[in-house]
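Visitor: I would like to learn how to read this structure, one feature at a time. Where do we begin?

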Amino acid sequence: MKRRRDSSHGKAAVITDRGDAELSLGVEFEVFLNFRGPDTRLNFTDCLYHSMDVAGIHVFRDNEEIRKGEVIKGELECAIKNSTIFMPIFSKNYMSSAWCLRELAFRVDCSRNRGDHAMILLIFFDVDPDDVKLKTGLYHDALQKHEQKFGGNLVQQWKEALLKVAHIKGWVLKDTG
């Protein structure tokens, strides 16, 4: 077993040899960032992560290295289920990432079927809420490509998750540089 970094609140995850995470001392992460890496990792998301970390907020920022297969499990599932705030950062290429969509659908499923009431706080980074509501071609076209690869049932779950969260007010940010 190995121990992940302790937060300023003294919370830690113990990662077992199977890759599962067991939480110690309550909620592991206060915020789970859900984002498309190439779009925002080195600018907005990185700045947001470090600002929250300096403020003492324990933030989960996805690392591609923990993705071992097509299903959300282990540390990733635990982090999503146990975060107080789930923060999707919708960007131009967000929909091209099956991982972003899997995480979002899993969070919505947790809220609907497991009765938890974690807050979902939306950030629209260089996209409009209508894109997320599938009223424009930007996200709709990406979903059609996913449907060819993953099939209609899974893509339908992703659409439902998007539409479920899209009514929520969020921050709309435009990249000016």
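Guide: With a charge over a ring. The term applies if NZ of Lys or CZ of Arg is within 6 Å of the ring centre and within 35 degrees of the ring normal. Keep in mind that this is a predicted model.

Visitor: Over which ring does the charged end of arginine 61 sit?

Guide: Over the ring of tyrosine 49, 3.8 Å from its centre. Arginine 102 gives another case: its charged end sits over the ring of tryptophan 99, at 5.2 Å from the centre.

Visitor: Now rings with rings. How is a pair of aromatic rings described?

Guide: By the distance of the centres and the angle of the planes. Planes over 60 degrees apart count as edge-to-face.

Visitor: How many aromatic pairs does the structure hold?

Guide: Nine. Take phenylalanine 90 and tyrosine 94: the ring centres are 4.8 Å apart and the planes lie at 65°, so this pair is edge-to-face. Both phenylalanine 90 and tyrosine 94 are buried. Phenylalanine 150 and tryptophan 158 have centres 5.5 Å apart and planes at 70°, so they too form an edge-to-face pair.

Visitor: Are phenylalanine 150 and tryptophan 158 buried or exposed?

Guide: Phenylalanine 150 is partly exposed, at 24% relative accessible area. Tryptophan 158 is buried, at 1%. Under 20% is what buried means here. Ring pairs can also link up: Phe29, Phe32, Phe60 and Phe86 are joined into a cluster this way.

Visitor: Next, a helix. What span should helix α5 have?

Guide: At 1.5 Å a residue, the 14 residues of α5 (residues 137-150) should span 20 Å. The end C-alpha atoms of α5 are 20 Å apart, which agrees. Just after the helix, glycine 151 takes a positive phi of about 95°.

Visitor: Which residues of α5 are buried?

Guide: Tyr139, Ala142, Leu143 and His146 are buried. They cover an arc of only 105° around the axis, which puts them on the same side of α5. Lys145 and Gln148, on the other side, are exposed.

Visitor: What do the buried residues of α5 pack against?

Guide: Against β6 (85-90), α3 (98-113), α4 (129-132) and α6 (152-166). Look at leucine 143. Beyond its neighbours within four places in sequence, leucine 143 is in contact with Met95, Leu101, Leu134, Val155, Trp158, Lys159 and Leu162.

Visitor: And the nonpolar core?

Guide: The general idea: in soluble globular proteins, nonpolar side chains tend to be buried together. Here the largest nonpolar core has 34 residues. Those with the most contacts inside it are Phe90, Tyr94, Met95, Leu104, Tyr139, Leu143 and Leu162. At least two residues of this core come from each of α2 (74-82), β6, α3, β8 (122-125), α5 and α6. The largest share, nine residues, is from α3. Apart from this core lies another, of 13 residues, among them Leu33, Phe35, Leu48 and Met52.

Visitor: Where is arginine 107 placed?

Guide: In helix α3. Arginine 107 is buried, with a relative accessible area of 0%. Leaving out residues up to four places away in sequence, arginine 107 touches Ile80, Lys81, Ser83, Phe86, Asp116, Ala118 and Ile120.

Visitor: Finally, which helix holds asparagine 82?

Guide: Helix α2. Asparagine 82 is partly exposed, at 24% relative accessible area.

Note on methods: Residues are numbered from 1 along each chain as its sequence is written. This is a predicted model: local features need pLDDT of at least 70, side-chain atom pairs count only at pLDDT 80 or more; totals for chains, interfaces and linings use all residues. Side-chain values use heavy atoms; hydrogens and water are left out. Rings of Phe, Tyr and Trp (its six-membered ring) pair if their centres lie within 6.5 Å; planes under 30 degrees apart count as stacked, over 60 as edge-to-face and the rest as tilted. Buried means under 20% relative accessible area, exposed over 50%, partly exposed in between (1.4 Å probe, protein chains only). Helices (H or I, at least four residues) and strands (E, at least two) are DSSP runs, numbered from the N terminus. The expected span of a helix is 1.5 Å times one less than its number of residues. The arc is that of the directions from the helix axis to the C-beta atoms. Contact means heavy atoms within 4.5 Å. A nonpolar core is a set of buried Ala, Val, Leu, Ile, Met, Phe, Trp, Tyr and Cys residues joined through side-chain atoms within 4.5 Å.
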